Amino acid sequence: MTPRTLVFDFDGTVTEIDLLDTLAKTFGDPEVYAEVDRGLDKGRLTLREVITREFEPVRKPLEEVVDWELETVRIRPGFRELVEDAQSRGWRTVIVSSGFHELIEPILEREGVEVELFANRVDPRPDGWVVQWNYEGDCDSCGESCKRSVVRELTEGEVVYVGDGYSDRCAAEDSDRVFATRGLAEYLDERGIPYERFDDFHDVARGLAS
């Protein structure tokens with residue numbers, strides 16, 4: 001049988017809100033967030049530079065931020081059911097995120113979901129959080145340090161990618177099948193790249209079943 005891998009983005013895909021954006025605005029400096037977000041939109045800054053600068057003003061202890069997210073952040077419906085069904089059929093299930101292990105793992109534990117996780121890490125220093133970027137080099141396709149190389153390295157056979165935003169563009173373009181929403185869907189529409197739209201993971205499950 002051909003190996004099949006189901007790859008999820010986390011922030012804004014698995015979660016209903018974009019957790020990184022929300023944390024940067026809530027616990028960081030909204031003016032810095034707005035400035036670097038404009039820089040990303042206009043191509044002046046890379047995603048790595050944006051995330052690094054967004055979290056420099058964050059000074060809350062990690063424990064407080066984790067407590068906040070566990071009370072606040074909700075998962076899109078159907079995520080655990082989709083993961084369990086895919087795993088029962090022999091699919092490899094993976095999250096590839098530009099976010100941080102320290103923030104993702106507590107939510108997955110709360111939800112009782114076990115998947116492979118590839119993400120960055122953060123050193124939550126009291127004088128400002130320091131992002132420890134785990135993706136190597138610059139992609140020969142998009143020119144950034146992106147998820148595409150990770151997806152290529154960890155997968156064989158068919159790759160199904162599920163995402164919602166900027167960080168998913170390059171990896172989605174290199175996948176065999178894509179489920180997209182929000183900004184990723186708009187990007188793929190503009191380029192005429194085929195995808196299937198989803199609102200929750202029940203939509204993805206129905207698409208895979210068909």
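**View 1. Strand S1 sits between two partners.** In this predicted model, Val7 has Tyr161 of S5 as its bridge partner. S1 and S5 pair in the parallel sense, over 5 bridges. Another pair to find here is Arg4, which stands opposite Glu158 in S5. S1 is also joined to S2, by 4 bridges, and these two strands run parallel. How many of the residues of S1 are buried? The count is 4 of 5, so S1 is mostly covered. Strands of a sheet pair through backbone hydrogen bonds, either parallel or antiparallel.

View 2

**View 3. Strand S5 pairs with strand S6.** S5 covers residues 158–163, and S6 covers residues 177–180. The two run parallel and are joined by 4 bridges. Look for Val160, which stands opposite Arg177 in S6. Then find Val162, whose bridge partner in S6 is Phe179. Is S5 enclosed or open? Of its 6 residues, 5 are buried, so S5 is largely enclosed by the rest of the structure. In a regular strand the side chains alternate between the two faces of the sheet.

**View 4. Helices H2 and H3 pack against each other.** H2 spans residues 30–41, and H3 spans residues 47–55. Two packed helices are described by the angle between their axes and the distance between the axes. For H2 and H3 the angle is about 180°, and the axes are 9 Å apart. Angles over 145 degrees count as roughly antiparallel, so H2 and H3 are roughly antiparallel to each other. Which residues make the contact? From H2 come Val32, Tyr33, Glu35, Val36 and Leu40. From H3 come Leu47, Val50, Arg53 and Glu54. By class, this contact has 6 nonpolar residues, 3 charged residues and no polar ones.

**View 5. Helix H1 has a buried face.** H1 covers residues 19–27. Which of its residues are buried? They are Leu19, Leu20, Leu23, Ala24 and Phe27. Seen down the axis of H1, these residues fall within an arc of 130°, so they line one face of the helix. Several elements cover them, including H2, H3, H4, S2 and H6.

View 6. H4 runs over residues 62–72. Its residues Leu62, Val65, Val66 and Glu69 are buried. Their arc around the axis is only 100°, which puts them on the same side of H4. On the other side, Glu63 and Glu71 are exposed. What do the buried residues of H4 pack against? They pack against H1 and H6 (101–111).

**View 7. Ser98 is a buried residue of strand S2.** Ser98 lies in S2, which covers residues 92–100. Buried means under 20% relative accessible area. Ser98 has 6% relative accessibility, so it counts as buried. Which residues does Ser98 touch, leaving aside its neighbours within four places in sequence? The contacts are Leu20, Leu47, Ile51, Asn120, Tyr135, Lys147 and Ser167.

**View 8. His101 is a buried residue of helix H6.** His101 lies in H6. Its relative accessible area is 10%, so His101 is buried. Its neighbours within four places in sequence are again left aside. His101 is then in contact with Pro106, Leu117, Phe118, Ala119, Asn120 and Arg121.

**View 9. Arg182 has a positive phi.** Most residues other than glycine have a negative phi, and most peptide bonds are trans. Arg182 is not a glycine, yet its phi is positive, at about 50°. Where does Arg182 lie? It is in helix H9, residues 182–191. At 36% relative accessibility, Arg182 counts as partly exposed.

Conventions:
Residues are numbered from 1 along each chain as its sequence is written. This is a predicted model: local features need pLDDT of at least 70, side-chain atom pairs count only at pLDDT 80 or more; totals for chains, interfaces and linings use all residues. Side-chain values use heavy atoms; hydrogens and water are left out. Two strands pair if DSSP finds at least two bridges between them. Axes are lines fitted to C-alpha atoms, for helices over the stretch in contact, and angles run from 0 to 180 degrees between N-to-C directions. Angles under 35 degrees count as roughly parallel, over 145 as roughly antiparallel, 65 to 115 as roughly perpendicular and the rest as oblique. Contact means heavy atoms within 4.5 Å. Ala, Val, Leu, Ile, Met, Phe, Trp, Tyr, Cys and Pro count as nonpolar, Asp, Glu, Lys and Arg as charged, and the others, Gly among them, as polar. Buried means under 20% relative accessible area, exposed over 50%, partly exposed in between (1.4 Å probe, protein chains only). The arc is that of the directions from the helix axis to the C-beta atoms.
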